[in-house]
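I wanted to look up a few places in this model and note how they sit among their surroundings. My entries follow in the order in which I went through them.

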Amino acid sequence: MSPTLKTFGKHALNDTYDFIICGGGTTGCTLATRLALQPSRPSVLLLEAGLHNSFLEFTSMPLGWTAGFDISHDWNLINKKSTVLNDREVKLSRGKYLGGCSGSWFEHDASSHGFQGPLKTAPMDPAPITNKLLESFQNFGMPFKADMFSTGDTAQGCGHSVRTVHEGMRSTAVDFTELAGSNLVVLTEATVDKIGLENDGDGWKAVSMEVVKKDEKGVMVTSIFKASREIVVCAGVYGSPGILLRSGIGGNEELKELHIESKVDLPGFGKNLMDHLIVFMFYELDTSLNTSLDNEDIKFFTKDHLKQWDETKTGVLADFPFGAFAFARLDEQLGSSTLWKVARAHYLHGRDPMGLSKKQSHVEFFTSELYGGPPQFRDIPAPGQSAFSIIPELFGQQSRGTVTLENEAPRPVYVSVLVKACSLANKIVVKGEGTKDIVKGSWPPSEEHHKLETGEDWVRFVQKHATTCYHAAGTCKMGKSDDERAVVDGNLKVHGMRGLRVADTSIMPKLHSGHTQTDMV
């Protein structure tokens, strides 16, 4: 190990640790802290390829997530073109800094919540458009249940979501690390190359981690850290398979093509990739109802906004702009679909073509009180104009992809469900009692999706606008050893290995009907 390498903070580096955690994202920070807090006080090394988040002010701003796209602190991944999406590429942004992508109280069920711990939450002060949208959701058969995300028993309803914001600051998984003592060492700007394996006669065991990092002179050096007990890979759905493949763990044929010696034959690495598809649908208001902020505030990072947030932790940068949420089943909308009827004939035991039971939602609708989102949305309303969005999110689609080979495109039946969801979302906005009289039309006006009627029109709209919800999962699937796509067992141990686990969204065998951050915490 190079003696010139230093950690963030006051703790010196050792050559050997009880546990080495690869990846300082949501799971990595949480897991490293919980291991370090065990009564035996094991030594833990947490490795993160990006900067410490304290150097990146936008990671502490609730609205700062909009500044994290297409920069050096984004892994800047892009999927391959899909014919179903008009041969478009979709950007798969992932945070490259400590805390990674991790980032409201209201009338709530106290029995469903804890009120201690490092991950903080805070109430949301909804803008008027949120209350109007809640009225329209109820008008379309989605009853109001304020705390609906907490119990998992709402397949059809609307309400609010819990937010990891406290006193104008974003609460992330890094907050967990502040609980640990000197037995947790955090090494940032350290890229993991591969895992060192040894065969002691009883099979392969993970024993070390090769890490590449600049020394004090700016020269890239490779260091080796040993783990006396276990190595846990938490590099995420796109990063974890790559680390294991570079270490000689993966499908024999794939490793052969990469000119890597195969040590453990597990062809499931990198397969079973899943994600939630979403479609942003923006609308212009004919009043300034959606927000008490000036219209200029939707331009976000002005000097005045930054000064207000720096000094008082208030203003547009101090909260997430997401408003009302709703869950819905689309049985009525899909009932007349021939494609749905044909697909349904192949499903038994109370499941539909999405693999869902009657107690599970087909879609989630979430809304934003202001215009904005990923970088492709640049049609900022001018002063005197105001816009909001409703965003359908598809649950249950069964298509699978891979991080290394060709992806399986979303199947037509799944696209048809998202098409029905977009059509329903449009009706909620333009015909719902809460919003029908305040919506001027689509935003930007050139889209005119508020006028769409036919299924063919909505298919074209979805193909043009569908994108990721950043909920990717499944590439190191949990399953039994006889499952050819399984990578880890029920204890997250890599099949055919000792001393090695994977712990992040990549281990999920199926992507649930919801958001993924809390699961990893």
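Entry one. I began with a strand pairing and found that Y283 stands opposite F388 in β18; I keep in mind throughout that this is a predicted model. The strand β15, residues 281-285, is joined to β18 by four bridges, and the two run antiparallel.

Entry two. I then looked for another partner of β18 and found β17, which pairs with β18 in the antiparallel sense over six bridges. Within this pairing I noted S389 of β18 as the bridge partner of S368.

I asked which residues of β18 are buried on each face. On one side I listed A387, S389, I391 and E393, and on the other F388, I390, P392 and L394, all of them buried, so that eight of the eight residues of β18 count as covered under the 20% cut-off for relative accessible area.

I moved to Y371, which lies in the loop between β17 (363-368) and β18 (387-394). Its relative accessible area is 1%, so Y371 is buried. The side chain of Y371 reaches the backbone nitrogen of D379 at 3.0 Å, and the C-alpha atoms of Y371 and Y283 are separated by 8.8 Å although the two residues are 88 apart along the chain.

Last, I looked up H495, in the loop between β20 (467-468) and β21 (497-498). H495 counts as buried because its relative accessibility is 15%. Its side chain reaches the backbone oxygen of G479 at 2.8 Å, and beyond its neighbours within four places in sequence H495 is in contact with residues including V264, L266, K480 and D489.

Conventions:
Residues are numbered from 1 along each chain as its sequence is written. This is a predicted model: local features need pLDDT of at least 70, side-chain atom pairs count only at pLDDT 80 or more; totals for chains, interfaces and linings use all residues. Side-chain values use heavy atoms; hydrogens and water are left out. Buried means under 20% relative accessible area, exposed over 50%, partly exposed in between (1.4 Å probe, protein chains only). A polar contact is a pair of N or O atoms within 3.5 Å; within protein, one must be able to donate a hydrogen and the other to accept it, and residues adjacent in sequence count only if both atoms are side-chain atoms. Contact means heavy atoms within 4.5 Å. Two strands pair if DSSP finds at least two bridges between them.
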